[in-house]
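Please keep the sequence and the model open while reading.

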Amino acid sequence: MNRLLLCLLPLWMAVTPVHALTGDVARGEVLHKKCLDCHGTGVYAPDKRKITSLKALRKDVKRWGTYYAPALNDQEVEDITAWLNANFYKF
Ligand code: HEC
C-alpha cells in the first residue's frame with residue numbers, strides 16, 4: 001500500500017496547480033523599460049519612495065500596468081515587481 005502511495009506522489013504533484021506566480025527578474029528589467037517614459041528609477045530611491053511592502057509594490061505595478069493598452073498581465077506585473085524588489089525595495 002505504501003509503495004502504491006509513493007508511486008502516486010509524483011503524479012499528484014504534477015497535477016497540483018501552481019497558485020503563486022513567480023516573477024522573472026531578467027524579464028522584469030526588459031518590461032520595465034516602457035515605464036521609463038514617465039519616470040526614471042529615482043522614484044524607487046529610499047528617500048523618495050512611498051511604497052512600504054511587497055504587497056503594496058505589486059499593487060502599484062498593477063495600477064501603472066493599466067496605463068498601457070493592453071494592460072500588463074499578471075505574469076508581467078509579477079516580473080516587474082520581482083525586478084523592482086531585487087534592485088530597489090528589497091522587502
Ligand atoms: C503616465 C506616467 C507614468 C507611467 C507610464 C508610469 N508611471 Fe510610475 N509613477 C508615475 C508618477 C507620477 C509617480 C509618483 C506619484 C504616484 O505614486 O502616484 C509614479 C510612481 C510609481 C511608483 C511608486 C514609487 C514609490 O515607492 O513611491 C511605482 C512602484 C511605479 N511608479 C511603477 C511604475 C511601473 C512599474 C510602470 C510601468 C508599468 C510605471 N510606473 C509607469 C508616473 C508613471
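The points below go from the overall fold to the ligand, the helices and a few local features.

The model is predicted. The protein has four helices and zero strands. Along the sequence the pattern reads α-α-α-α.

**Overall fold**

- The protein has 91 residues, and 18% of them count as buried.
- Consider the contacts between residues at least 6 apart in sequence: 70% of them join residues at least 24 apart.

**Ligand shell**

- The ligand is surrounded by 19 residues.
- The closest are Cys35, Cys38, Arg49, Ile51 and Trp64.
- By type, the shell divides into eleven nonpolar, three polar and five charged residues.

**Nonpolar core**

- The largest nonpolar core has eight residues: Leu57, Val61, Leu72, Val77, Ile80, Ala82, Trp83 and Leu84.
- Two elements, α3 and α4 (74–89), each give two or more residues to this core.
- The largest share, five residues, comes from α4.
- In soluble globular proteins, nonpolar side chains tend to be buried together.
- Leu72, a member of this core, touches Gly65 and Val77, leaving out residues up to four places away in sequence.

**Helix α3**

- The buried residues of α3 are Leu57, Arg58 and Val61.
- Seen down the helix axis, these buried residues fall within an arc of 100°, so they line one face of α3.
- The face turned away from that buried side carries the exposed residues Lys55 and Arg63.
- Cover for the buried residues of α3 includes α4.

**Helix α4**

- α4 has 16 residues, but its end C-alpha atoms are only 20 Å apart.
- A straight helix would reach 22 Å at 1.5 Å a residue, and α4 is short of that.
- The buried residues of α4 are Glu76, Val77, Glu78, Asp79, Ile80, Thr81, Ala82, Trp83, Leu84 and Asn85.
- What covers them includes α2 (25–32) and α3.

**Gly65 and its contacts**

- Gly65 is located in helix α3.
- Is Gly65 buried or partly exposed? Gly65 counts as partly exposed, because it has 19 C-beta neighbours inside 10 Å and a buried residue needs 20 or more.
- Beyond its neighbours within four places in sequence, Gly65 is in contact with Ala71, Leu72, Glu76 and Val77.
- Gly65 and Glu76 are eleven residues apart in sequence, and their C-alpha atoms are 8.8 Å apart.

**Backbone geometry to check**

- Most residues other than glycine have a negative phi, and most peptide bonds are trans.
- The peptide bond from Ala69 to Pro70 is cis, with omega near 0°.
- Pro70 lies in the loop between α3 and α4.
- Lys90 is not a glycine, yet its phi is positive, about 55°.
- Lys90 is found in the segment after α4.
- Lys90 is exposed because 9 other C-beta atoms lie within 10 Å, and the limit for an exposed residue is 12 or fewer.

**Gly42 in the α2–α3 loop**

- Gly42 is found in the loop between α2 and α3.
- Gly42 counts as exposed, because it has 9 C-beta neighbours inside 10 Å.
- How far from Phe88 is Gly42 in sequence and in space? Gly42 and Phe88 are 46 residues apart in sequence and 9.8 Å apart in space, C-alpha to C-alpha.

Key
Residues numbered from 1 in each chain as written. Predicted model: local features only at pLDDT ≥ 70, side-chain atom pairs only at ≥ 80, totals over all residues. Near = placed C-beta within 6 Å. Nonpolar A, V, L, I, M, F, W, Y, C, P; charged D, E, K, R; others polar. Contact = placed C-beta atoms within 7 Å. Core = buried A, V, L, I, M, F, W, Y, C linked by C-beta atoms within 7 Å. Expected span 1.5 Å × (residues − 1). Arc of directions from axis to C-beta.
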